[in-house]
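This note sets out some points to check while reading the model. Please keep the sequence and the 3D view open beside the text.

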Amino acid sequence: MRTQVAIVGAGPAGLLLGQLLFKAGIDNVIVERQSGAHVLGRIRAGVLEQTTLDLLDQAGVGQRAHAEGLPHDGIELLFKGARHRIDLHALSGGKRVTVYGQTGVTRDLMETRAAEGLTTLYEARNVSLHDLDGASPRVRYERDGATQQIDCDFIIGCDGYHGVSHRSVPAQALQIYERVYPFGWLGVLADVPPVSHELIYANTDRGFALCSMRSTTRSRYYVQVSADDKLERWNDGLFWDELRRRLDPEARERLVTGPPLEMSIAPLRSFVAEPMRLGRLFLAGDAAHIVPPTGAKGLNLAASDVGVLYEALAEHYLGKSTAGIDGYSARCLRRVWKAERFSWWFTSLMHRFPETGEFGQKIQEAELDYLVQSRAAAASLAENYVGLPFDQH
Ligand SMILES: Cc1cc2nc3c(=O)[nH]c(=O)nc-3n(C[C@H](O)[C@H](O)[C@H](O)COP(=O)(O)OP(=O)(O)OC[C@H]3O[C@@H](n4cnc5c(N)ncnc54)[C@H](O)[C@@H]3O)c2cc1C
């Protein structure tokens with residue numbers, strides 16, 4: 001099989017890129033390790049920046065996100081037992097975020113891709129990348145018991161942190177920066193109305209908690225657990241009790257509980273692989289960088305990589321200039337590192353770190369107090385939370 005652009009991974013990055021390229025008349029094929037049902041069933045991010053919504057619109061798949069997404073103008077910070085609102089809209093010059101689940105984004109993209117008759121090769125095993133430095137790179141995979149090959153102009157690695165793409169680059173050509181946190185998030189998704197109409201980020205002496213949602217009837221809650229905690233140790237009763245203990249009295253009173261639709265533990269990690277382009281392989285989304293989910297940057301960063309890469313490839317194919325693809329890595333990394341910094345900072349501010357003890361807790365509370373008192377400090381949080389402008393130097 002031959003195509004112009006072979007995309008590895010049908011997560012939000014791969015699907016969005018495929019749709020944008022298709023709209024620009026650029027032929028592409030997606031190779032995905034899992035089944036379509038598995039990809040659709042994954043419960044992950046839920047907060048979209050305006051630039052992500054704009055890209056969904058550009059790809060022609062934004063209608064449902066606009067109709068069903070919940071615009072949010074603020075978040076609440078809970079510390080020392082009281083909640084304080086950060087007015088994102090007022091502090092960021094009129095910007096807001098939209099709560100719309102990654103599952104919805106994936107479904108909208110998958111449905112549109114299927115309706116356009118574009119090729120997505122699900123359940124492709126043992127995907128491997130070849131001739132990344134040559135003029136005609138290749139993707140090989142096994143499917144239906146046979147080894148198959150895609151010849152292409154470019155390979156785009158959108159296959160996440162556990163994928164094959166960044167591992168296909170010789171170690172000496174890739175610089176890895178990584179930090180693993182000593183805790184994870186135990187998450188529950190349940191069909192119960194959210195405790196508050198805005199997200200609550202809680203810093204408590206029992207650890208972090210987040211009250212989030214996917215809709216007005218579906219809530220997503222998290223509590224910080226230690227990195228070596230096991231899901232088998234928890235049940236929904238224990239989870240709701242622990243969450244209640246981390247809330248203020250009013251929220252505790254309002255909390256509606258119910259049977260979980262999903263319960264899982266996600267480890268927290270910061271990770272960047274530099275550069276994001278090697279020969280004819282480009283890395284995008286979680287294949288190139290991971291952020292801890294505090295601040296909801298993962299999906300948005302994946303989308304912004306795709307926006308830059310789509311422009312670069314369109315410029316290459318339609319305008320015959322390589323300036324965009326040559327500048328792709330540097331342009332993305334400027335934004336990536338700012339989001340890495342913000343996610344690391346917000347994680348450090350909100351979580352209980354075993355090694356810093358009571359002193360660490362007091363310092364966090366002082367910083368949170370400063371944040372809610374100082375317009376400048378709150379504006380900095382708001383500006384990063386809603387998403388920094390593109391190409392800010
Ligand atoms: C449990 C969890 C919870 C999260 N919660 C949040 C959150 O609350 N907020 C937030 O902003 N972000 C969150 N994230 C991060 C966010 O979901 C990711 O940043 C986002 O999914 C990145 O999209 P992507 O397309 O780059 O990668 P992915 O969504 O990881 O997609 C990669 C795709 O590649 C496929 N693949 C992998 N290996 C191969 C291979 N060898 N060959 C072919 N295909 C392959 C995978 O099956 C997958 O479909 C969470 C992530 C996880 C794992």
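1. Which residue in β2 does A6 stand opposite? A6 stands opposite V29. The model is predicted, so local features need pLDDT of at least 70 and side-chain atom pairs count only at pLDDT 80 or more, while totals for chains, interfaces and linings use all residues. Residues are numbered from 1 along each chain as its sequence is written, and side-chain values use heavy atoms, with hydrogens and water left out.

2. Helices (H or I, at least four residues) and strands (E, at least two) are DSSP runs, numbered from the N terminus. Two strands pair if DSSP finds at least two bridges between them.

3. Both strands belong to an open sheet of 6 strands, in the order β8-β2-β1-β12-β19-β18, with mixed pairing. At its edges are β8 (120-121) and β18 (277-278), each of which pairs on one side only.

4. Another open sheet has 3 strands in the order β3-β7-β4, and here the pairing is antiparallel. Because β3 (47-48) and β4 (70-72) stand at the edges with a single partner strand each, one side of each is left without a neighbour in the sheet. Strand β7 (residues 97-99) runs antiparallel to β4, and 3 bridges join the two. Within this pairing, L70 stands opposite V99 in β7.

5. Which residues are closest to the ligand? They are E32, R42, R44, Q102 and D286, out of 30 residues that surround the ligand. A residue counts as near a molecule or strand if one of its heavy atoms lies within 4 Å of it. By type, the shell around the ligand divides into 15 nonpolar, 8 polar and 7 charged residues. In this division, Ala, Val, Leu, Ile, Met, Phe, Trp, Tyr, Cys and Pro count as nonpolar, Asp, Glu, Lys and Arg as charged, and the others, Gly among them, as polar.

6. For K297, a backbone N or O atom lies 3.5 Å from an oxygen atom of the ligand. Taken alone, the ligand exposes 1000 Å², of which the protein buries 87%; accessible areas come from the Shrake-Rupley method with a 1.4 Å probe, and for residues only the protein chains shown count as cover. The elements that give two or more residues to the shell are α1 (12-23) and α9 (298-319), and α9 gives the most, with 3 residues.

7. Is T52 buried or exposed? T52, which is placed in helix α3 (residues 50-58), is buried, with a relative accessible area of 4%. Buried means under 20% relative accessible area, exposed over 50%, and partly exposed in between (1.4 Å probe, protein chains only). The side chain of T52 makes a polar contact with the side chain of N300, at 2.7 Å. A polar contact is a pair of N or O atoms within 3.5 Å; within protein, one must be able to donate a hydrogen and the other to accept it, and residues adjacent in sequence count only if both atoms are side-chain atoms. Not counting residues up to four places away in sequence, T52 touches N300 and A303, where contact means heavy atoms within 4.5 Å.

8. Q19 has its place in helix α1 and is buried, at 1% relative accessibility. Leaving aside neighbours within four places in sequence, Q19 is in contact with A59, V61, L109, T112, R113, E116 and L118. Q19 and M110 are 91 residues apart in sequence, yet 9.4 Å apart in space, C-alpha to C-alpha.

9. Most residues other than glycine have a negative phi, and most peptide bonds are trans. K80, although not a glycine, has a positive phi of about 45°; K80 is found in the loop between β5 (74-79) and β6 (82-87) and is exposed, at 57% relative accessibility. D131, also not a glycine, has a positive phi of about 55°. D131 lies in the loop between β9 (125-130) and β10 (138-143) and is partly exposed, at 43% relative accessibility.

10. The peptide bond from E274 to P275 is cis, with omega near -5°. P275 is placed in the loop between β17 (260-274) and β18.
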